[in-house]
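Q: I would like to go through this model with you. Could we take the residues a few at a time?

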Amino acid sequence: FLRPPEDFAERGARERRRWVDFLGFNPRAILLFAGRWSSEKRIKLLMDVVPVGCALVIVGDSDTLYADEIENSRRQNVL
């Protein structure tokens, strides 16, 4: 690491609080998907298998209809 992970602890805690506030519950774990929002990535399948009590954060970019479907299928445990 160029900087020790401790340098990011406070910033990470703030971001987690922001996500928890948005989700409306305190998840046991937050899973992260980072990538292009395309159908071959099967993001919808991933959304279906998030364990109870956990949350999924999806980060990426796309301008496809599939990405619009993902955004419109808002679920409590997905950000």
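Q: Is Arg42 buried or exposed?
A: Arg42 counts as exposed because its relative accessibility is 55%. Buried means under 20% relative accessible area, exposed over 50%, and partly exposed in between, with a 1.4 Å probe and protein chains only. Please note that this is a predicted model, in which local features need pLDDT of at least 70 and side-chain atom pairs count only at pLDDT 80 or more, while totals for chains, interfaces and linings use all residues. Residues are numbered from 1 along each chain as its sequence is written, and side-chain values use heavy atoms, leaving out hydrogens and water.

Q: Where does Arg42 lie?
A: Arg42 lies in the loop between strand 1 (30-34) and helix 2 (43-48). Helices (H or I, at least four residues) and strands (E, at least two) are DSSP runs, numbered from the N terminus.

Q: And what is its phi?
A: Arg42 has a positive phi of about 55°, although it is not a glycine. Most residues other than glycine have a negative phi.

Q: Changing topic: how many helices and strands are there in the chain?
A: The chain has three helices and two strands, and from the N terminus on they run α-β-α-β-α. The C-alpha trace spans about 40 × 30 × 20 Å along its principal axes.

Q: What share of the residues count as buried?
A: Of the 79 residues of the chain, 24% count as buried. One of the buried residues is Ile70, at 5% relative accessibility.

Q: Which residues does Ile70 touch?
A: Ile70 lies in helix 3. Leaving aside residues up to four places away in sequence, Ile70 touches Trp37, Ile43, Lys44, Met47 and Ile58; contact means heavy atoms within 4.5 Å. Across the chain, among contacts between residues at least 6 apart in sequence, 63% join residues at least 24 apart.

Q: What about Glu10 and Arg14?
A: Their side chains meet in a salt bridge (3.2 Å, N to O). Glu10 and Arg14 are separated by about one helical turn because they are four residues apart in helix 1 (residues 9-23).

Q: Which residues gather in a patch of negative charge?
A: Asp61, Asp63, Asp68 and Glu71 gather in such a patch on the surface. Patches are made of residues with over 30% relative accessible area and no salt bridge, with like charges joined within 9 Å and nonpolar side chains (Val, Leu, Ile, Met, Phe, Trp, Tyr) within 5 Å. Asp and Glu count as negative and Lys and Arg as positive, while His and the chain ends are not counted. The place of a charge is taken as NZ of Lys, CZ of Arg, CG of Asp or CD of Glu.

Q: Where is Glu71 found?
A: Glu71 is found in helix 3 (residues 65-72), and Glu71 counts as exposed, at 54% relative accessibility.

Note on methods:
Accessible areas come from the Shrake-Rupley method with a 1.4 Å probe; for residues, only the protein chains shown count as cover. A salt bridge is a side-chain nitrogen of Lys or Arg within 4 Å of a carboxyl oxygen of Asp or Glu.
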